[in-house]
Amino acid sequence: NNRQLLTFKDFVIAQQSNLNLINGGIFGYGQHYTQLNDMLWMLEGEVGKSFIAYNTKTRVVSEPSISIPIAGSLAPFGCLASTQSANGDEHLFVVGGFSNGVFLNTVEIYNLNTGQWMSSTPTMQIGRGQHACIAHQDVLYAIGGYQAGWVTLSSIETLSIGNDLADVSGGWSDFEGGGLSLAVFGCRAVAHDALIFVAGGWGSGTYPTLIHILDTLSKSITVDADNFLIYGTCRPAAIVAD
């Protein structure tokens with residue numbers, strides 16, 4: 001009953017000196033992360049084509065050999081989300097990014113149990129980079145970010161993924177509650193119950209200090225600048241904790 005929204009400028013792991021974290025690690029510009037059960041997964045930012053995994057129980061850092069099937073030699077600014085399907089399989093989502101001068105509208109889904117990428121997934125309506133994304137209650141969300149021409153977005157797209165990812169062919173659509181109150185990139189999203197909190201980023205020439213709250217039941221958005229006032233920061237970490 002006493003939950004708080006916590007924001008941090010950066011999440012840095014350097015517990016194992018044998019990992020080359022500086023070159024293509026979590027110190028990369030624009031990294032993304034997601035927690036799935038006991039594992040914290042990070043998509044490094046500079047190159048955006050490799051993962052770092054952190055076991056929150058054993059406190060061991062690893063660099064799994066997972067090759068992300070994104071066209072082009074570089075793909076920074078892609079967003080990372082995760083979910084566990086009804087059959088227990090765990091999945092990572094790599095959403096959007098930037099490659100060869102183009103913001104990507106691709107969605108890559110990796111099954112951690114089978115070690116396979118889903119062969120066909122719907123593309124977003126808009127290619128995005130440096131956006132927030134989150135998989136929550138059988139829906140994948142893409143929030144804000146950059147689009148072509150480095151234009152900042154306020155729009156929110158959703159994709160129904162079901163509880164088993166058996167059918168994601170319905171395609172992306174705009175969130176019924178509309179978009180954010182300002183265009184922003186570098187924001188992050190975290191969920192609790194039916195609410196998704198969107199914090200941080202850069203938009204309208206400033207670091208926003210307000211929180212956007214998406215209600216997934218009423219399909220509405222409220223802006224809270226009183227109860228959740230934060231220090232403005234771009235690319236924060238955000239968690240809900242007791």
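**Loops and aromatic rings in a predicted model**

Reader: Between which two strands does the loop that holds Ser-204 lie?
Author: This is a predicted model, in which local features need pLDDT of at least 70 and side-chain atom pairs count only at pLDDT 80 or more, while totals for chains, interfaces and linings use all residues. Residues are numbered from 1 along each chain as its sequence is written, and side-chain values use heavy atoms, with hydrogens and water left out. Strands are DSSP runs of E of at least two residues, numbered from the N terminus. On that basis, the loop with Ser-204 lies between strand S17 (195-199) and strand S18 (211-215).

Reader: Is Ser-204 buried or exposed, and what is its relative accessible area?
Author: Ser-204 has a positive phi of about 55 degrees although it is not a glycine. Buried means under 20% relative accessible area, exposed over 50%, and partly exposed in between, with a 1.4 Å probe and protein chains only. Ser-204 therefore counts as exposed, its relative accessible area being 65%.

Reader: What is the relative accessible area of Asp-138?
Author: Asp-138, which is not a glycine either, has a positive phi near 70 degrees, and it sits in the loop between strand S10 (132-136) and strand S11 (139-143). Asp-138 is partly exposed, because its relative accessible area is 37%.

Reader: How are the rings of Phe-103 and Tyr-146 arranged?
Author: Rings of Phe, Tyr and Trp (its six-membered ring) pair if their centres lie within 6.5 Å, and planes under 30 degrees apart count as stacked, over 60 as edge-to-face and the rest as tilted. The structure holds ten such aromatic pairs. For Phe-103 and Tyr-146, the centres are 6.1 Å apart and the planes stand at 40 degrees, and the pair is tilted.

Reader: How many residues apart are Phe-103 and Tyr-146?
Author: Both Phe-103 and Tyr-146 are buried. The pair links distant parts of the chain, with Phe-103 in strand S8 (residues 102-111) and Tyr-146 in strand S12 (residues 146-147), a separation of 43 residues.

Reader: Why does the pair of Tyr-146 and Phe-185 count as stacked?
Author: Tyr-146 lies in strand S12 and Phe-185 in the loop between strand S15 (173-174) and strand S16 (188-192), 39 residues apart; both are buried. The ring centres are 4.4 Å apart, and the pair is stacked because its planes are at 20 degrees.

Reader: Which residues form one aromatic cluster?
Author: Tyr-146 pairs with Phe-103 and with Phe-185. The cluster consists of Phe-98, Phe-103, Tyr-146, Trp-150 and Phe-185.

Note on methods. Helix = DSSP H or I, 4+ residues; strand = E, 2+ residues; numbered from the N terminus.
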